[in-house]
Amino acid sequence: MDWDKVRIFLEVARTGQILGAAKRLKLNHATVARQLTALEKDLKTKLLNRQTTGSSLTPAGVALLAAAERAESELLRVGSQLSSAADKVAGTVRIGAPDGLGNYFLADKLGAFAADNPDLVIQLVALPRTFSLAKREADMVVTVERPDEGKLMCTKLTDYTLSFYASEAYLARSPAIRKIGDLADHLLITYIHDIIFSRALDYASTLGDLITRRFECGSVIGQLEAVRAGHGVGILHDYAAERYPELRRILPANSFTRTYWLVSHPDTHDTHRVREIRRYIVGKVKEARRQFIAA
């Protein structure tokens, strides 16, 4: 059985789309379709039901997917042993992370790690979304809730806090904010409820009727920049807000505490490059732990 064809089949099975798999594999759409057809001819069985809306697995496809993933896991394990023997971190590792931690902490730290390891490519996907390890959307992910399904390898990174912030200029020209009830007189800069990717990030719902005016933004960066520009009050990550001297932390008694978890798939958890990056991230977060919790 041709592994190149099986590898293509794996991507189609995981993405559910020939076009999506072609993009991830950096192949032509027609090439992917042709290789799938050739694999089905080799095995003398239909593996996929191809439709305009996507591709679904036949019973034979489900069986091949399970066998292919076992083979892939073994190849990754052997590859890890070989690369460990060479004592060099090489290859490509994709890390999914919430945009707050990704942009205001990991981008700096992982950039330094990549600079020190010229044979390694680190892909940091810092977006407000979830990532599927089973579909190989990432090799490891940072989550704000501990996964309770699947056989995943999970490590607590750190607790972190978020607080209310406003710019110094905004506070100088706006009604005073001395207690939580005073927020009713201010524009709250917050997330878009419909697209929030984790209930753990639903901070604003605790304010109830206090929120009379809102500016909603889908990214942490956008919220922070709107607060910095002096348009209202926002709930911001303390470790990000401390970078900007024009921001003032207000209502310190009304902060929020959440947790970051580092999660990887058991198939890739012990590959040399994933193991080394995981160890590095855990170490850097430990060094900076005081930054994540506001006093």
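L251 is buried, with a relative accessible area of 9%. Here buried means under 20% relative accessible area, exposed means over 50%, and partly exposed lies in between, using a 1.4 Å probe and protein chains only. L251 sits in the loop between β10 (247-250) and β11 (256-264). Its phi is near 50°, a positive value in a residue other than glycine.

The model is predicted, so local features need pLDDT of at least 70 and side-chain atom pairs count only at pLDDT 80 or more, while totals for chains, interfaces and linings use all residues. Residues are numbered from 1 along each chain as its sequence is written, and side-chain values use heavy atoms, with hydrogens and water left out.

Now the whole chain. The protein chain has ten helices and eleven strands. These are DSSP runs, numbered from the N terminus: helices are H or I with at least four residues, and strands are E with at least two. Along the principal axes, the C-alpha atoms fill a box of roughly 75 × 45 × 30 Å. Of the 295 residues, 45% count as buried. Take the contacts between residues at least 6 apart in sequence: 74% of them join residues at least 24 apart. Contact means heavy atoms within 4.5 Å.

Next come the packed helices. Two packed helices are described by the angle between their axes and the distance between the axes. Axes are lines fitted to C-alpha atoms, for helices over the stretch in contact, and angles run from 0 to 180 degrees between N-to-C directions.

Start with helix α1 (residues 3-15) and helix α2 (residues 18-25). Their axes come within 8 Å and cross at roughly 125°. The two helices are therefore oblique to each other. The cut-offs are these: angles under 35 degrees count as roughly parallel, over 145 as roughly antiparallel, 65 to 115 as roughly perpendicular, and the rest as oblique. The crossing of α1 and α2 is right-handed. A crossing is right-handed if the near helix is turned clockwise from the far one by less than a right angle, and left-handed if anticlockwise. On the α1 side, R7, I8, E11, V12 and T15 make the contact, and on the α2 side I18, G20, A21, R24 and L25 do. By class, that gives five nonpolar, two polar and three charged residues. Ala, Val, Leu, Ile, Met, Phe, Trp, Tyr, Cys and Pro count as nonpolar, Asp, Glu, Lys and Arg as charged, and the others, Gly among them, as polar.

Helix α1 also packs with helix α3 (residues 29-43). The angle is about 115°, and the axes are 9 Å apart. So α1 and α3 are roughly perpendicular to each other. Their crossing is left-handed. From α1, K5, V6, I8, F9 and V12 meet V32, Q35, L36, A38, L39 and D42 of α3. This contact has eight nonpolar, one polar and two charged residues.

The crossing is right-handed. F105, L106, K109, L110, A112 and F113 of α5 contact E276, I277, Y280, I281, K284 and V285 of α9. Nine of these residues are nonpolar, none polar and three charged.

Some single residues deserve a look. S55 is found in strand β2 (residues 54-57). At 15% relative accessibility, S55 counts as buried. S55 and Q17 are 38 residues apart along the chain, yet their C-alpha atoms are separated by 5.5 Å. Leaving out residues up to four places away in sequence, S55 touches V12, G16, I18, L48, N49 and R50.

H186 lies in the loop between α6 (168-173) and β7 (187-190). It is buried, with a relative accessible area of 2%. Its neighbours within four places in sequence aside, H186 is in contact with Y170, S174, P175, A176, I177, R213 and V233.

R136 is in the loop between β4 (120-126) and β5 (140-143). Its phi is near 60°, a positive value in a residue other than glycine. R136 is buried, with a relative accessible area of 14%.

Last, the cysteines. A search of the whole structure finds zero disulfides. The test is a pair of cysteine sulfur atoms within 2.5 Å. C154 is partly exposed, at 23% relative accessible area. C217 is buried, at 15%.
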